[in-house]
Amino acid sequence: MSVKWEKQEGNQGLLTIEVPATEVNKALDKAFAKVVKQINVPGFRKGKMPRPMFEKRFGAEALYQDALEIIIPEAYSNAIDEAGIEPVDFPEIAGTENFEKGADFTFTATVTVKPEPKLGDYKGLEVTKLPTEVTDEEVDAQIEEQLAKKAELEIKEDEAIVEGDTAVIDFEGFVGDEAFEGGKGADYPLEIGSGSFIPGFEEQLVGVKSGEVKDVVVTFPEEYHATELAGKEATFKVTVKEVKTKVLPELNDEFAKELDSEVDSVEALRAKIKETTAAQKETDSEAALRDELVEKAAENAEIDIPQAMINTEVDRMVQEFGQRLQMQGMNLDLYYQFSGQSEEALREQMAADAANRVRVSLTLEAIAAAEGIEVSEEDIKAELEKMAAQFGMTTEQITSALGGTSVLENDIRTQKTVELLVENAKIS
C-alpha cells in the first residue's frame with residue numbers, strides 16, 4: 001500500500017491511498033463469504049453457491065460495496081499511522097467509483113487534523129496570588145450555612161408565602177383551554193426562590209396562603225425543549241396545600257458540638273472554621289494562580305481550532321453535566337423540562353467554554369513538546385501508588401479501571417507542564 005499526504009489550508013489535508021490488487025481481491029473474497037450466506041438460490045444449500053456462478057448471475061459488482069466497507073477502514077487506519085497525522089474528525093472519502101476486481105484501488109480521504117499551535121510567551125508571565133486571610137464575616141457566613149442545613153420546616157397555618165418558604169402544591173398547566181402533557185403535578189414541594197420552575201412561576205406564589213388557589217400565568221421561553229410550547233403563554237392552576245418555613249436552630253455550645261464533635265464551644269467552632277477555611281483558601285489560591293497562568297499562555301498562543309474538536313468537547317461536557325444531574329436524582333430530560341432550555345441551547349451555551357478547554361489542552365501539549373517534558377515509569381508508578389492508597393485498591397485494579405496508563409501519563413505530563421509555568425512565573 002502506498003500513501004501520500006498533502007497538507008492543505010487550515011487544518012485539512014489530503015491522503016491519497018493506493019491499495020494493491022491483491023488486497024482488493026482479498027476484500028472481495030471476504031465480501032463474498034459474507035454475502036453468500038444471505039442468499040437463497042434454487043439447487044444450492046444456503047451459503048454453498050459457487051463464486052463463479054454468483055458472479056455470472058449477479059456480477060462481481062454486487063460485492064463491491066461490502067468489499068469497500070472492509071478495505072477502506074483498514075487502509076485508512078494504516079495510512080494515518082504511516083503519514084504520522086492525528087485526525088480529529090471523520091474523513092471525507094472520495095474515489096470509491098474506481099474500485100474494480102483485480103486492479104489496484106486508489107482513493108482519497110480529506111482529513112481534518114489536530115492543529116499545531118504557534119506558541120507565544122509562556123515563561124515569565126505576571127500573576128497576582130489571591131489573598132488567603134479569613135474575615136469574621138466569612139466565618140459567620142459558614143456558620144449560618146451550617147445552621148440553614150440543620151433548619152427544620154414548620155407548617156405556617158395562616159401566613160402568606162414569602163421567599164425561602166416551601167410550598168406543597170398541586171398544579172396543572174393549560175395553553176388556552178387545553179391541558180398539556182407534562183404540565184401536571186401533585187404534592188410537589190417547591191422552594192420559593194430556588195429557580196427550579198419556569199421563570200416567573202415561583203414569584204407569583206409569594207403572598208398566597210395555604211388552601212388558596214392561584215392562576216399562575218407564564219410564557220415559555222422561545223428555546224423551550226418542547227417545541228409545541230415554545231414561546232406560548234400558559235396558565236397553571238395551582239392549589240397551595242401546605243406552606244412550610246425554615247426555623248433555624250439556636251447557635252450555642254451544644255449545637256457547636258453537634259456540628260463538630262472535636263469542638264466544645266461556639267468559639268472553638270469559629271476558630272476551627274477559620275483554620276480550615278484558611279487552608280482551603282490557600283489551596284484555592286494556588287489553583288487559581290495555576291489556572292490564570294494556563295489561561296494566559298493559551299491566550300498568547302495562535303491556534304486555528306477545528307469545529308469538530310469543539311463539538312467533541314461539547315459532547316463531553318453535556319455527558320459530564322448529565323452525570324452530575326444523575327447524582328442529584330435528576331436527568332437531562334427533566335432538566336430541559338424544568339429549566340425550559342433545549343439541548344441545542346445548552347450546547348450553544350457550552351460552546352465557548354468547550355473552545356477554551358480545547359485551546360488550553362492544545363497549548364499545554366505544545367509547551368510540553370517544546371520543553372521536552374517526559375513522564376517516567378517511576379512517575380506513573382508513584383501516581384498509581386498514591387491513587388491506590390486513596391481509593392483502597394491495588395495498583396493493578398487502578399490500572400484496569402483506567403484502561404491502561406495512557407490517561408495517567410497525559411495527566412502527569414500536564415501537571416509537570418503547569419508546574420513549569422509556575423516555576424517561571426512572576427508572582428506578586
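**Exercise 1. State which residues form the aromatic cluster that contains Phe171.**

Solution. One aromatic cluster is formed by Phe171, Phe180, Tyr188, Phe197, Phe201, Phe220, Tyr224, Phe236 and Phe338. The model is predicted: local features need pLDDT of at least 70, side-chain atom pairs count only at pLDDT 80 or more, and totals for chains, interfaces and linings use all residues. Residues are numbered from 1 along each chain as its sequence is written, and side-chain values use heavy atoms, with hydrogens and water left out.

**Exercise 2. Classify the pair of Phe171 and Tyr188.**

Solution. Step one: rings of Phe, Tyr and Trp (its six-membered ring) pair if their centres lie within 6.5 Å; planes under 30 degrees apart count as stacked, over 60 as edge-to-face and the rest as tilted. The whole structure holds 18 aromatic pairs.
Step two: the centres of Phe171 and Tyr188 are 6.2 Å apart and the planes stand at 80°, so this pair is edge-to-face.
Step three: Phe171 belongs to strand β7 (residues 166-175) and Tyr188 to strand β8 (residues 178-191), so the pair ties together parts 17 residues apart in sequence. Strands are DSSP runs (E, at least two residues), numbered from the N terminus.

**Exercise 3. Determine whether Phe171 and Tyr188 are buried, partly exposed or exposed.**

Solution. Buried means under 20% relative accessible area, exposed over 50%, partly exposed in between (1.4 Å probe, protein chains only). Phe171, with 10%, is therefore buried. Tyr188, with 25%, is therefore partly exposed.

Notes:
Helices (H or I, at least four residues) and strands (E, at least two) are DSSP runs, numbered from the N terminus.
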